[in-house]
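This report describes a protein chain and its ligand, element by element. Please view the sequence and the structure before reading on.

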Amino acid sequence: MSANNDSIQKTLLVAILLCLVCSVIVAGAAVSLKPLQQANKVADRKQNILAAAGILQPGVDIDEQFKQVTTRIVNLEAGRYATEAELAEIKEAGLDPKNYDQSKASKMPELSEKLQDDPASIKRQADYAPVYILENSAGEIEKIIMPVHGYGLWSTLYGFLALKGDMETIAGLGFYQHAETPGLGGEVDNPKWKSLWVGKKLHDEDGDVAISVVKGGAEPGNPNQVDGLSGATLTSRGVDSLVKFWVGESGFGKFLTKLKEQGA
Ligand SMILES: Cc1cc2nc3c(=O)[nH]c(=O)nc-3n(C[C@H](O)[C@H](O)[C@H](O)COP(=O)(O)O)c2cc1C
């Protein structure tokens with residue numbers, strides 16, 4: 001009997017059955033946990049948006065906090081909110097406008113363009129981008145939060161840039177995904193460095209985009225300059241380029257100008 005159990009056939013049968021049972025368990029766990037993972041991803045995004053705007057309240061339910069935020073889709077080229085017809089176009093292409101995925105859109109030829117001039121090294125740009133808006137009780141924009149991304153040294157940095165209602169003053173900048181070196185380029189996450197952005201202005205007196213990350217340190221009192229990260233010049237340069245790109249004409253520039261003209 002024991003000799004029978006040690007046969008090659010039985011050993012193989014047990015191994016195959018074990019593999020089958022394990023794969024069913026793993027596949028079942030992956031499928032059943034997917035909605036939870038998706039929900040966590042959405043909650044994480046909301047948390048990062050609130051953090052960039054400097055309004056994240058630790059310990060308070062994220063969904064509850066996010067109720068004060070309105071999400072809109074912007075047509076970047078036209079510099080205005082997407083029309084109903086454009087939202088329908090997004091839906092027709094297979095994306096949910098209510099949960100618009102800019103990253104997915106940037107890979108779809110019908111919803112994106114290959115960039116000729118690509119200072120942020122993002123290769124393709126989606127035609128539409130979401131913006132997150134905080135209004136005061138009078139219905140005026142208090143803060144606007146925009147997704148930004150661009151290449152650093154080792155990786156593409158993904159984050160949010162928040163502006164005050166004047167569409168000019170930075171309310172915050174934060175990155176939620178990158179693979180820069182901890183202690184070097186990874187210092188983009190250092191709260192001390194992030195705080196240097198708050199209050200800085202996007203444009204100079206001539207109205208040109210002037211916000212800059214400066215190697216060796218910003219001139220004291222310069223409203224457009226932020227200190228570069230020491231030992232991480234290439235990441236700093238990447239952040240400089242991506243911020244300039246997203247607030248410029250090819251990014252949210254036209255939209256921000258329009259809002260400014262309308263007095264937000
Ligand atoms: C292991 C290693 C990791 C590095 N990581 C980064 C980084 O994340 N970001 C960055 O800008 N430079 C990084 N550097 C440094 C760059 O190679 C380069 O020396 C630096 O950007 C120049 O900055 P500095 O002029 O401020 O010294 C790294 C270097 C090494 C050896």
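## The cover over helix H8

Among the elements that cover the buried residues of helix H8 are strand S1 (69–75), strand S2 (80–81), strand S6 (141–151) and helix H7 (233–247). The model is a predicted one.

Which residues of H8 are buried? Within this helix, which spans residues 253–261, they are Phe255, Leu256 and Leu259. These residues lie on the same side of H8 because the arc they cover around the axis is only 95 degrees.

After H8 comes Gly263, which has a positive phi, near 70 degrees.

## Domain arrangement

The domain assignment divides the protein chain into domain 1, residues 2–52, and domain 2, residues 68–261. Taken over C-alpha atoms, the centres of domain 1 and domain 2 are 37 Å apart.

To the contact between them, domain 1 contributes four residues and domain 2 contributes 11 residues. On the side of domain 1 that touches domain 2, three residues are nonpolar, one is polar and none is charged.

## The ligand surroundings

The residues that surround the ligand are Leu153, Trp154, Glu180, Thr181, Leu184, Gly185, Ser230, Gly231, Ala232, Thr233, Leu234 and Thr235.

How does this shell around the ligand divide by class, and how many residues are charged? Six residues of the shell are polar, five are nonpolar and one is charged.

Conventions: Residues are numbered from 1 along each chain as its sequence is written. This is a predicted model: local features need pLDDT of at least 70, side-chain atom pairs count only at pLDDT 80 or more; totals for chains, interfaces and linings use all residues. A residue is near a molecule or strand if its C-beta atom, placed from the backbone, lies within 6 Å of it. Ala, Val, Leu, Ile, Met, Phe, Trp, Tyr, Cys and Pro count as nonpolar, Asp, Glu, Lys and Arg as charged, and the others, Gly among them, as polar. Domain bounds come from an automatic or database domain assignment. Two residues are in contact if their C-beta atoms, placed from the backbone, lie within 7 Å. A residue is buried if 20 or more other C-beta atoms lie within 10 Å of its own, exposed if 12 or fewer, and partly exposed in between; C-beta atoms are placed from the backbone. Helices (H or I, at least four residues) and strands (E, at least two) are DSSP runs, numbered from the N terminus. The arc is that of the directions from the helix axis to the C-beta atoms.
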